[in-house]
Amino acid sequence: MPSAVNINWYIALSSILFTIGVLGVLLRRNAIILFMSVELMLNSANLLFVAFARHLGQLDGQVLVFFVITVAAAEVAVGLALIVAIFRTKKSINIDEINLLKG
Amino acid sequence: MNTFNLAPLILILPVIGLLLNGLFGRRFVEANPANGERLTGWLASLMTIGAFLVSLSLFLSLLAHGFEPIIVPLFNWIDIPSADFLVNWAMQVDTLSVTMMLVVTGVGSLIHIYAIGYMHGDPDFSRFFTYLNLFIFFMLILVSGSSYLVMFVGWEGVGLCSYLLISFWWARLDKNGVPANANAGRKAMIMNRIGDFGVILAMILLFWTFGTLDYQAVFSGAVEMFEANHMVAFGGLSVPLPTVLTAVTALFLLGVTGKSAQIPLYTWLPDAMAGPTPVSALIHAATMVTAGVYLLVRSNVLYEIVRTSGATILGLISTPNLVAWVGALTAFFAALIAFSQNDIKKVLAYSTVSQLGFMVAAAGSGAYVAAMFHLVTHAFFKALLFLGSGSVIHGMEHGHHHLAHAGHGATHTDDDGFDPQDMRYMGGLRRRMPTTFIVYLIGSLALAGIIPLAGFWSKDEILLHDQTYATPIFIVLAIAALGTAFYVARQLIMVFFGKPRHAAAEHAAESPALMTTPLVVLAGLTVFGGLLNLPYLTRAMAEANHNHPAGIFLMLESWLEHSLASFELAEEGILALPRTPVYLSLLVAGISTALAVGGLLLGYLVYRGRPRTSSEPDRLARTPIWWWSVLPLNSLYMKGFVPLFNRFSVWLADKVDWAFWHDFVHDRVIRDIFVTGAEFSANVLDAQGVDGVVNGAGKTTQRLARGLRLTQTGYARTYALAVLLGAVGLLVYFLFMAG
Amino acid sequence: MNWILTIVTFLPLIGVLAILLTNPPKRGSENLVKGIAVVTSAITFLGTLLILMRFDPGTPGLQLVDRFDWIPSWGIQYFLGVDGLSILMVLLTSFISMLAIASSWNAIKTQVKQFYIFCLLLETGMLGVFLAQDLFLFYIFWEFTLVPMYFLIGIWGGARRVYASIKFFLYTMAASLLMLLAILYMGINAGTFSLPDLIAGRAAFAGAQDLLFLGFFLAFAVKVPIFPFHSWLPDAHTEAPTAGSIILAGVLLKMGTYGLIRFNLPLFPEAAYRYAPAIAVLAIIGIIYGAIVSFAQKDVKKLVAYSSISHLGFVTLGIFSLNAAGIQGAILQGVNHGLSTGALFFLVGVLYEQTHTRDMSAYGGVWKIMPVFSVLSLIVVLSSMGLPGLNGFVGEFTILLGSMGAESLAPRPWIFTAFATTGVILAAVYLLWMFQRVFMGPAETKEVKGLRDMNRGELVIMLSFLLFIFWIGIAPSLYFHLMDSSVSALVSHLSSTLMALR
Amino acid sequence: MIHPIPFLLLAAVAVAAALGMLLSHNAVHSALYLVLNFITVAIFYLALNAPFIAMVQVTVYAGAIVVLFLFVIMLLGAERLRSPVDEVRGPERFHRYTAILLALVLVGVAAYLLFQGGVDMTGVDTTAGATLDASPQALGLALFQSYVFPFQVTGVLLLAAIAGVVIFGHTKKRGEDNA
């Protein structure tokens, strides 16, 4: 086992988490879970940002994470509001049933 | 060969008994009531007898090995190196402890055997014997412990057993629906705990003074510091040794008044008669209640140092004198109270309190041997009397039972009020129960102090000592002795003489041999117990032996003085112990006999043929003596202090803690402050500031969303997949192709 | 780095993970979850035993240290260590948690998974509190324990559970904030949060000693609770489910007394001496007040709750004796109280599960119906009462011994001791009255007559309690030896400041 | 940076939590797993000398966002769903296989990169990160100096989000305009 953890370890971890998030988005039909998966993906990206900030000794990575978190918060708020609104009309949050605007 | 290393056996045997009985006894008895009872009963008895035999062998070993105290260490108990606090589980085998062991296990064995008969048929038979063995175990720890703290284990342990056994029939309610037995047990335990308060504090003081709680180290340290006039310093205090020891001895006295039922804590003992009669005999007459006397005798060095130094409590009275006065007054008042009792066991209970007063008075005035002597003889005759009363009660119950079965019920409509322990329903039992009568008579006369029974010799020694050194106490004790003879006569007449005052008494039957045999043995001990410490019959004889014990004279003194360090120290001139005269004083013996006979005669004159019926009032009921005999201490506690405490406790709990502190302060004051703050920020800040902005922005976004919505088509998932595909594609492109 | 402390502390989390990964159980067949929880807590207990085995009682300082920088810029470290002051607490925690979890086997019927998850989370938090040697880390664990307890009371509690849980949370949280301020002040001034460094660099914040002492003291006093900060306790104890009560009484309250010993004494010795008499007075009021108030209770759980105030008064008194006997007695009495009161709550739980009432007037004559249960209860009651030969006495006596020789209570320590000793009498008064009301008297009501005696599982739990109740009562030396060198180091630290004061 | 053992343990927890979120039957559980994941990541942040981000992570993500999730889940009563397996087993098999395939590719690419030696570290001063001043103060300065414009935009975005949520959340009364 290598004696110290370096940036590559974080890349690996981040990829795994990201992939899990991707799978969540693609496989689950529950819109809420779907959102959670998105959060997970954002989170894995954040992790990488911070890891690189540490690796390179620059603060910018952390600042970006800050923005990402802000956007994520906004996204969740809006997304969940959407889900609630959809649930009101369709009585379901199954993502596959939301195809009203199918072209 | 010595048998000292057998000493732990006296503790192990009762434990075996109690474990076996506690775990399996109930099953035995339920499986086969007759054999089960025999098995559990005899198992417990045999363990006690075994302990007795071991004590006997310890006795012989001590005889053979020059009486020197032996410490038998078991293992260490509390050991705090950084505080220099070390207490070991260790037994001290010396003449004093062996004396107590012999009394406890000897009388204990007899009472165990008796109880097999007495408790026959009780559903909780095995529980009873478990407790008895537990009691023997703790009592033996008490007397054999080599330090105050180990002694205290036994001290509290016997208190526990007393609690358990007094409330043995805890399911019973009395006529008023009060759980009298359970209450009595609780009262005993709490009263004892008040005494323990003193013992705990005394032990702590001893530790900080001497750095140890071992008897031998404490006593030798005390003498050393006393001789060197050391100051005691701890916790910012610095006081002379006698001051500390005054506090210690006074606190021990508090413990003694609790355990040995002296004024002001004696009130639990009469109530303790709610327990089964063998318990009254064993715990509340012969052994446990004498623990206080044992503590006084054990601590003789401390008391004698205080006496020698002349230290007093607030300049009023020195603690040994206080002890003597407490004992004497208890002896007097308890004897007086015994006049007015109608319950056969209550008379004996107050008599016990009174006799314990004699012992305490003796110990307080420095007559340690006399105190122990009286302790031993009292154990014999009082156990005899209690077991005898048990036999009487058993007989009365038998008679009552007989009536119910024989259909005599119609003529005895007052049976609801019948109480097999009430002497007013008895009378003329000497014909129905001859063996019981004879042994009871022997016990009673010994109690009254009739020569040559055991009680005479021991009481005489106490009186002689106080006549020599403390006349006021002598006078009080002498009056108490007169009173003793009087209530003895009253009891004998009411129980055994005259005509039966109730059909149950007419049909009472003698108890089985299992019960009477121990009675006969105890009667024998009562008759010959005086030989234990027979004084020289004349002054000349005493002087011929240089006032020292020899031959058959003063055996107990020659035996005990090896444990009483103050004797030796007195001879060295370090302590001023008043030595009891060693010869029979004709003056004191004469007075004592005259008082005993006079008291009996007086009793005979007053109660001859009385009462005639069970409802006739007592002949003394309208005299001042009767009024005096109701010492209002118990009422003060039960009607004054206890309700006050209850009310205070409820007030504190409901009003102060709950209504005020919990509900008002926390749920009103603190919460209101919080809620007010929260409402301000919610209504004022939030509603007007934030909401306005939000509403405006909402409208804009609504319009925007209308436009954006048009771009959405189909399944979300498809799009997501497309995005991913694109992302992965880009990734691969950049890595492998663009590079 | 030993890692053993870290591993043991976070062991319960593995159980949490395992429980999370189980399938959602069908009602009535949650045995897998229960089994995981019990096994995890048992392994944790074994882990603490392993710590004990590797623990050297002769070393006064911290042992088995896990320490590395955590947030270096703030001087915060991840720093776990164990010494004589905490080893018994760690053992007590894992032991009580194990029994509490095992005791809920039949008692918890709803949301079983969550219940055990919270129990295990709580265990990690408590272990962390006793092991953390960095004030920041300590504070995190300290606050972390609130959350699972809050849910344990709030979800599985009695009728007024929501009220009780919120009160518990707010009350302890509010007091802890003062401690947080004190911690931050010290950390900023001294540049480190690790306890040994702070003790060595006490000079950096000695000027604000009194305020800092009070900040810590208030947080701990609420937890203990020391009179008059006890108002949350009867609610929390009464409303909590059995396991919650056991853990609350057994371990959570000890976090307060432990904190006093671990932080208040070594960090602010001068202030400790200065405030010792005042705190001892509060402790004694607590002893007497708790005892008298519990005598008047009708609710058996409330009675036991108030008795805790009384018992912990003894512990507080022992701590502020500031000498070896007092502090060792206090630590041991903490353990004793955990065992005795934990066992009492367990016993009450056994009754409550069957009758669903805590009102003592609904009982009476239980002894007749449940002989085994009653005998065991008697032993526990006696232990709580301080009968010599059982554990309670050893602790109480040592504390009283310490208080009598306390320099900190000079010039008249005996007055303190004398008042405190009345607690011994009062304990008999309320405990025997409780025992009589529940167990003695005729068995009249149908509920009482329908009671069943203990089953095998309950018996095993009870016997585990009793094993230690007897062991500590008869041979406590082993336990004293574990803490002796640490306590004597602490005491010499204290007395050297006392010398300097004079 | 951080010792391999805690890294691996934490990483295991993070991955396990992520998988837990993915596979739970119950949306509430998913949310709780997500919290666990976020907290683990926050611990990584602490280890990576990013305390402020760690705090923001805990408060905003683990605190606010997940609470919002839970709130919605509870509101909709949507916690109980069909099992994830059932859920996936639908008409869109194509989706499923493509998704898994793409995921594998993703992980494969990452693994390939790492086995190739990973990030080129020559010329990078890895010690700078350890001493980097990442205090809230430094971060704040960076935010308001070099990133002040993005910061303002983010503010607008947030405002828009709030507004949008309010509108969506508003229950229209019957008969109201529904354009």
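This passage describes the chain contacts, folds and selected residues of a predicted model.

Among the chains of the model, five pairs are in contact, and chains A and D share the most contacts of these pairs. Chains A and C, by contrast, do not touch, and a distance of 14 Å separates their nearest C-alpha atoms. In the pairing of chains A and D, 59 residues of chain A are in contact with 71 residues of chain D. The side of chain D that touches chain A draws at least two residues from each of the helices α1 (4-23), α2 (27-47), α3 (51-76), α4 (84-88), α5 (93-115), α6 (127-131), α7 (136-145) and α8 (148-169) of chain D. Of these helices, α3(D) provides the largest share of that side, with twelve residues. The composition of the side of chain D that touches chain A is 58 nonpolar, ten polar and three charged residues.

The two partners in this pairing may also be described separately. Chain A contains three helices and zero strands, and its pattern along the sequence is α-α-α. Of its 103 residues, 65% count as buried. Among the contacts in chain A with a separation of 6 or more, 45% are accounted for by residues 24 or more positions apart. Chain D is assigned three domains, namely domain 1 (1-81), domain 2 (90-117) and domain 3 (135-170). The C-alpha centres of domain 1 of chain D and domain 3 of chain D are 23 Å apart.

Chain B comprises 28 helices and four strands. Its radius of gyration is 36 Å, well over the 27 Å given by the globule rule for 739 residues, and chain B is therefore more spread out than a compact globule. The C-alpha trace of chain B spans about 130 × 80 × 55 Å along its principal axes. Of the 739 residues of chain B, 56% count as buried. Contacts in chain B between residues at least 6 apart in sequence join residues at least 24 apart in 80% of cases.

The domain assignment divides chain B into domain 1 (1-146), domain 2 (268-401 + 419-620) and domain 3 (635-687 + 714-738). Between the centres of domain 1 of chain B and domain 3 of chain B, taken over C-alpha atoms, the separation is 58 Å. Two of the strands of chain B, β3 (residues 231-234) and β4 (residues 237-240), pair in the antiparallel sense over four bridges. Within this pairing, Val232(B) has Val239(B) of β4(B) as its bridge partner. The two strands form a hairpin with two residues between them, and Gly235(B) in the turn has a positive phi of about 50 degrees.

A hairpin is also found in chain C. Strand β1 (residues 63-71) of chain C pairs with strand β2 (residues 76-82) of chain C in the antiparallel sense, over six bridges. Phe68(C) stands opposite Tyr78(C), a residue of β2(C). Four residues lie between β1(C) and β2(C) in this hairpin, and Gly75(C), located in the turn, has a positive phi of about 75 degrees.

Several helical regions of chain C were examined in turn. Helix α13 (residues 300-319) of chain C consists of 20 residues and reaches 29 Å from its first C-alpha to its last, close to the 28 Å expected at 1.5 Å a residue. This helix, α13(C), is mostly covered, with 20 of its 20 residues buried.

Leu332(C) is placed in helix α14 (residues 324-355) of chain C. Because it has 28 C-beta neighbours inside 10 Å, Leu332(C) counts as buried. Apart from its neighbours within four places in sequence, Leu332(C) is in contact with Val394(C), Gly395(C), Thr398(C), Pro476(C), Tyr479(C) and Phe480(C). Leu332(C) and Met89(C), which are 243 residues apart in sequence, have a C-alpha to C-alpha distance of 9.2 Å.

Glu458(C) belongs to helix α20 (residues 456-474) of chain C. With 22 C-beta neighbours inside 10 Å, Glu458(C) likewise counts as buried. A distance of 9.0 Å separates the C-alpha atoms of Glu458(C) and Phe346(C), two residues that are 112 residues apart along the chain.

Note on methods
Residues numbered from 1 in each chain as written. Chains lettered and ligands numbered in written order. Predicted model: local features only at pLDDT ≥ 70, side-chain atom pairs only at ≥ 80, totals over all residues. Contact = placed C-beta atoms within 7 Å. Domains from an automatic or database assignment. Pairing = 2+ DSSP bridges. Rg over C-alpha atoms; globule rule 2.2 N^0.38 Å. Buried ≥ 20, exposed ≤ 12 C-beta atoms within 10 Å, placed from the backbone. Expected span 1.5 Å × (residues − 1). Nonpolar A, V, L, I, M, F, W, Y, C, P; charged D, E, K, R; others polar.
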